[in-house]
Amino acid sequence: MGNGVQAYISYKVTTKTNFPEYDGPEKIVIRRYSDFVWLRDRLFEKYKGVFIPPLPEKNTVEKFRFGAEFIEMRRQALDVFVNRIALHQELQQSEDLRTFLQADEQLLVYSKFESAEKEYFTVLDRTEITHQLELFMTLCCDRFSRILLLDLQTMERARSQETGIFLKKPADLMQIFKGVQSKVSDVVLGKEKPAEESDPEYEKLKNYIFQLEDHLVEAQKHAHRLVKRHRELGQSLLDFGKAVKLLGNCEESPLGNAFSELGTKSEILSTKLQREAHHLLMNFEEPLKDYIRAVQSVKATIAERTNAFRQNCELAEAIKFKEIDMNKLRITRSEKLGEAQHEYEEVVTLKADGAEATRRFEKIVKLMNEEIIRFQEQKTLDMGLAFHEFAKGQADLANGIAGAWRSLLPKLEACSS
Amino acid sequence: MMGYENQGYEEAHLYASKEQMASIVLADDFSPPSDGSKSFPDDPLSSSQFVEIPTNDTDPLQPSPSKQTLNPSPSTIHSILDPPSYAEAVFRSFDFDSVDSGDMNGQDRSPLASPSSSSYYLKISVSDPQREQEQSASLVPGGSSYFTYLITTFTNMPEFSGTEFNVRRRFKDVVALSDRLAESYRGFFIPLRPDKSVVESQVMQKNEFVEQRRAALEKYLRRLAAHPVIRKSEELRAFLEASGKMTLVRTTDVASRMLDGATRLPKQLLGGKSLDGGTSDMSEVTQPAKSGRDLFRIFKELKQSVANDWGGAKPPIVEDDKEFLEKKAKLQDFEQQLINVSQQVISCSFIMYTPTRWGADGASAIWILLVMIYWYFMAIVGCYRFYVVGAESLVKAQQDIGETMGQLGLAFVKLTKFETEEAIYDSQRTCAADMKNVATAAVKASRLYRELNAQTVKHLDKLHEYLGMMLAVNNAFSDRSSAFLTVQTLLSDLSSLHSRIEKLEAASLKIFVGDSSRIRKIEELRETVRVTEDAKNCAIIEYERVKENNRNELERLDKERHDDFVNMLKGFIVNQAGYAEKMAIVWETVAEETSGYAKK
């Protein structure tokens, strides 16, 4: 749809449901890629602790080319995305999902605007934080600011992938600045190291996830190359076939015929190889990429958990200090009773916040524990299928090749007699 | 043109990495190979154009190559088609093709070799290069040095005076041998001697160059020994047998064989118009008939262009992709022309055409014919070269896919190891087990691709040999054309002599008084005519002889080429099918093991 830079692909989303919350048993809507992104972001905000299913890459460059293969790969990935959400216990309840699946164009735009509004306000917060940060940095000595900068970079790198899943949206930047903010207060409060969970199992999980991504990326790289190699072999078989046919012209039959047939067979095999290349791409490389994206989604959730934990800690610290202050005021100056009262009210508020933060954090932890198990099981199934398809594709190809060549032998036998 | 067969093969020692792969595949605990992840991509394979010929392959399916008869017996061919054991039979029956150039006992399977059905053998090997000083007194102070090679011969042929000989020869001697053979065996498809490569000898490292030359000489001599007629030649015998220094025989400049016909003229006719036998510039004498002059020029130009073109008959050693693609593009342009020309198959009978009468008219026809013959062979060469490019691209693609498959396998091996170590949940262990199967399969498949490629190279290489041989064919036909040129020269001389006689006779008729000088002149001319007639008849006989040699050789070549190509195709096909089936089995196992995951 649209032309040139404005062009985009729209996808038809068909829903069949018996959930009572939905308007009807069936609905068909038209959505584009950015709509899916919106849904993913909303879910990510609302359901912290859950591994949100991953989306295919944004690919700003390839988008313009819109090859049939690219569109097909994306469609497949989007299909999987929506279905995974629909199958997830928590996520399927989401109102945003309902909006996505049912709303007509106008309503969807409005919903997007609503969430954009919220983001707009957080942008304001962001400028506030930026201001704070600037102040802080001008006040501190080099060492601190360098630490902050380095950490900022590390965190950013961990998030912004070349695949473009983590775009520099305000929400993302918020994450970064939240982290910085907590770091700032840490440093101010005299702590060098930010608060981290000390759960050894959780540490192990984090290590596992990070290393897993590296391994998977390498495997996917080779899978991608393998697809290319299949195409190249196909091309060379085509060239070879032509050359052999040419040779056949120089010879008299039956040898000349044998050459021609060999050439023809070679061309047929070339087609088989191109087909297998496509099959490999869709059924082996794509699942691998999906796995990688899923791992990145897990990483995002890990980051969320870290934030929640830190917020929790900060608030606990803040409450502690506030209480100290309050008691100090109470003890020392009775005329400052008004202030003490004020402090007391603040403590109450803080405590309420603290309780909320703790609740949030614990919810994330609980969800994650369930999610991890589900994640592993799902991945085993997905990869198992991918392996099966890979092996089957290769076996079929090899058998096809063997059969094609062997069928030429009788004719050759005739030549030698 | 002889050296190029050796250039592509680099004996890469892959045993280390093979063992590593074996230990990865077979070991249950994944003890990491010492530099496992690094060794595979740095495999010498990735840098060499051609893959190692596994002469010591420990793969159980490839038994150590036994030197069997050159032609597979019918039983081995039929066993190819038996399903269960045919894979074994396949690979065994093609081991006879593996030629170890350093092996004394191997017969070179050159295109000009006749099947060793005769019980006479002639085994030659070249070794032990030594530097020697120029002995003869020369004006140049500080005499130059050269290399000599030890030529060892074992034979039971009756033409030789013994069974074993050791002589030392230098390259100049080989050049002399080659030239003398060219003179004595006109019309034969004589294998080409190694290049003189004056430039290369300066540029290359001495050791490398000497070794390259040694190998090329050996190949050349073995090809000569394989030719059914030349192996019995006196020239070859003297070369192999005679101890002491070979006497250098002066040769005509063999490069301009077109003018060679002039040397056949009897001495009296040399020296232009006078009959005093004085030598003068031969090129003045050899004037083709006026009617054939244009054709002759075309022919000469064509021959020159062919020589230039075929001079580059070496298979292009691909430097990088870009160059490769350029070459391919060039050949693709050529393709359409080739298709047109090659479809006009000129049958052998054409080549055997002899004019019914040796007049000037017949001459033009023969020139046209010769042009057509050259064009035909050029088309064939073009087809061969096109094929070589296609074959090379296939080999490269096979090599690449094997490499990538192996890298993928290793990546999964690492993943498996990682998952196994870090496993907390059972599902992880299951996943790791699946991954392991896929990884081992990929590594196995990679190995199969490598082996397949090594065999493919051997089979498709046949064309390289034939490509080189086309130049020998060119020379043989060149002999014929120069023999014909001699005839035509004499024919034209005769016709001009006759016309001069006629003029003089006509003049003398008008004058009643006999002019003694004129009468004497006419007599002289008549004598010249007689001598020239004799020469012409000799030349015609010579032409016929060369033509007959051509014909016999062509028949022999056709038969051998036919057999060779059939075997080549069969070998290629059987090889491809065999390895494909092995790979299918590997993957089917994995597919079976993971069938539980299949979509219902």
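Colleague: Before we get to helix pairs, how do the angles between axes run here?

Modeller: This is a predicted model, to start with. The axes are lines fitted to C-alpha atoms, for helices over the stretch in contact. Angles between their N-to-C directions run from 0 to 180 degrees.

Colleague: Okay, so how do α9(A) and α11(A) lie: roughly parallel or roughly antiparallel?

Modeller: Helix α11 covers residues 409–416 of chain A, and its axis comes within 9 Å of the α9(A) axis. The two cross at roughly 160 degrees. Angles over 145 count as roughly antiparallel. That makes α9(A) and α11(A) roughly antiparallel.

Colleague: And which residues of α11(A) does α9(A) meet there?

Modeller: The crossing is left-handed. On the α9(A) side you'll find A:L255, A:N257, A:A258 and A:E261. By class, the contact residues divide into 4 nonpolar, 1 polar and 2 charged. The α11(A) partners are A:K411, A:L412 and A:C415.

Colleague: How far apart in sequence are the parts that A:K411 and A:E261 tie together?

Modeller: These two form a salt bridge, with the closest N and O atoms 3.2 Å apart. A:K411 sits in α11 of chain A and A:E261 in α9 of chain A, so the pair ties together parts that are 150 residues apart in sequence.

Colleague: What about α3(A) against α9(A): is the crossing right-handed or left-handed?

Modeller: Helix α3 (residues 68–87) and helix α9 (residues 255–332), both of chain A, pack at about 45 degrees with their axes 11 Å apart. They are therefore oblique to each other. As α3(A) passes α9(A), the crossing is right-handed.

Colleague: How many charged residues are in that contact?

Modeller: From α3(A) come A:E69, A:E72 and A:R84, among others, and α9(A) brings residues including A:K289, A:D290 and A:R293. Sorted by class, the contact has 4 nonpolar and 2 polar residues, and the charged ones number 7.

Colleague: Moving to the two chains, what area is buried between chain A and chain B?

Modeller: In the contact, 64 residues of chain A touch 73 of chain B. In chain A, A:F240, A:L246 and A:F387 lose the most area to chain B, together 10% of what that side buries. Carbon and sulfur atoms give 74% of the buried area, which is about 6400 Å².

Colleague: Which residue of chain B does A:R229 meet in a salt bridge?

Modeller: The whole structure has 53 salt bridges over all chains, and 4 are found across the interface of chain A and chain B. For A:R229, the N to O distance is 3.8 Å and the partner is B:D400.

Key
Residues are numbered from 1 along each chain as its sequence is written. Chains are lettered from A and ligands numbered from 1 in the order in which they are written. This is a predicted model: local features need pLDDT of at least 70, side-chain atom pairs count only at pLDDT 80 or more; totals for chains, interfaces and linings use all residues. Side-chain values use heavy atoms; hydrogens and water are left out. Helices (H or I, at least four residues) and strands (E, at least two) are DSSP runs, numbered from the N terminus. Angles under 35 degrees count as roughly parallel, over 145 as roughly antiparallel, 65 to 115 as roughly perpendicular and the rest as oblique. A crossing is left-handed if the near helix is turned anticlockwise from the far one by less than a right angle, and right-handed if clockwise. Contact means heavy atoms within 4.5 Å. Ala, Val, Leu, Ile, Met, Phe, Trp, Tyr, Cys and Pro count as nonpolar, Asp, Glu, Lys and Arg as charged, and the others, Gly among them, as polar. Buried area is the accessible area (1.4 Å probe) that two parts lose on being put together, summed over both. A salt bridge is a side-chain nitrogen of Lys or Arg within 4 Å of a carboxyl oxygen of Asp or Glu.
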